Amino acid sequence: MDIAAINALTYEDFVNIFGNVVEKCPLITAAVWSRRPFLSLKALEAAIGEFIEDLPESGKEGILRCHPDLAGRDLQSGALTRESQEEQAGAGMAALTSAEAQRMTRLNEEYKKRFGFPFVICARLSDKADVLQQLSARCRNEREAERARGIEEVKKICGLRLRRIVRPDSPNRL
């Protein structure tokens with residue numbers, strides 16, 4: 001799908017296609033649709049990023065709360081979105097040892113208790129060792145710094161999801 005095809009999408013089609021580039025936040029995509037025409041994929045990605053940055057801190061935390069725990073019960077029960085399922089599996093979250101799973105559960109709980117939202121990392125750019133190391137290290141951050149870091153990770157995830165949908169080698173096709 002090229003940028004002309006994206007700009008020609010109806011509101012409903014745009015939200016259906018891009019509605020989960022920010023996990024479980026189709027409202028963001030719905031709002032960004034009105035900023036068309038986009039000059040490029042980079043411009044679409046920037047519009048989403050700007051929308052997120054313009055949100056109050058409570059809105060940013062809301063976005064973070066839409067993300068599932070890594071290797072949590074949603075992964076175990078198959079309740080993740082298709083995108084999250086693929087990303088977590090690719091990072092090795094579905095193949096943790098018993099000890100790793102226990103550590104992940106403990107750290108996820110500690111993190112959520114400290115910050116009030118789940119740990120977010122771009123799983124597609126990580127492996128299980130990196131996820132565990134980052135989760136452990138980031139539990140020591142200050143709330144404001146961790147909220148900002150989480151939002152930066154959301155933007156990375158969004159960018160990669162956009163690139164999976166918009167394939168320049170296959171114009172006008174998804």
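Lys24 is partly exposed, with a relative accessible area of 44%; by the definition applied, buried means under 20% relative accessible area, exposed over 50% and partly exposed in between, with a 1.4 Å probe and protein chains only. Lys24 belongs to the loop between H2 and H3, where helices (H or I, at least four residues) and strands (E, at least two) are DSSP runs numbered from the N terminus. Although Lys24 is not a glycine, its phi is positive, at about 55°. The model is predicted, with local features requiring pLDDT of at least 70 and side-chain atom pairs counted only at pLDDT 80 or more, while totals for chains, interfaces and linings use all residues. Residues are numbered from 1 along each chain as its sequence is written, and side-chain values use heavy atoms, with hydrogens and water left out.

A positive phi also occurs at Ala71, a residue other than glycine, with a value near 60°. Ala71 lies in the loop between H5 and helix H6 (73–77) and is buried, with a relative accessible area of 12%. A cis peptide bond, with omega about 0°, joins Arg36 and Pro37. Pro37 is placed in the loop between H3 and H4. Most residues other than glycine have a negative phi, and most peptide bonds are trans. Ser40 is likewise found in the loop between H3 and H4 and counts as partly exposed at 28% relative accessibility. The C-alpha atoms of Ser40 and Ile6 are 9.5 Å apart in space, with the two residues 34 apart in sequence.

The chain comprises ten helices and zero strands. For 174 residues, a compact globule would have a radius of gyration near 16 Å, and the 17 Å of the chain agrees with this; the radius is taken over C-alpha atoms, and the globule rule is 2.2 Å times the number of residues to the power 0.38. The C-alpha trace spans about 50 × 35 × 25 Å along its principal axes. Of the 174 residues, 46% are buried. Among contacts (heavy atoms within 4.5 Å) between residues at least 6 apart in sequence, 69% join residues at least 24 apart.

The largest nonpolar core holds 48 residues, of which Phe18, Val22, Ile28, Leu44, Ile48, Met93 and Met104 touch the most other members. Such a core is a set of buried Ala, Val, Leu, Ile, Met, Phe, Trp, Tyr and Cys residues joined through side-chain atoms within 4.5 Å. Elements giving two or more residues to this core include helix H1 (3–8), helix H4 (41–54), helix H8 (98–115) and helix H10 (143–165). In soluble globular proteins, nonpolar side chains tend to be buried together. Apart from neighbours within four places in sequence, Met93 is in contact with Leu70, Ala71, Leu75, Gln88, Met104, Lys128 and Val131. In H3, Ile28, Thr29, Ala30 and Val32 are buried, and the buried residues of H3 pack against H2, H4 and H5.

Arg161, in helix H10, is buried, with a relative accessible area of 4%. Beyond neighbours within four places in sequence, the contacts of Arg161 are Asn20, Val21, Val22, Glu23, Thr81, Glu83, Ser84, Glu87 and Arg124.
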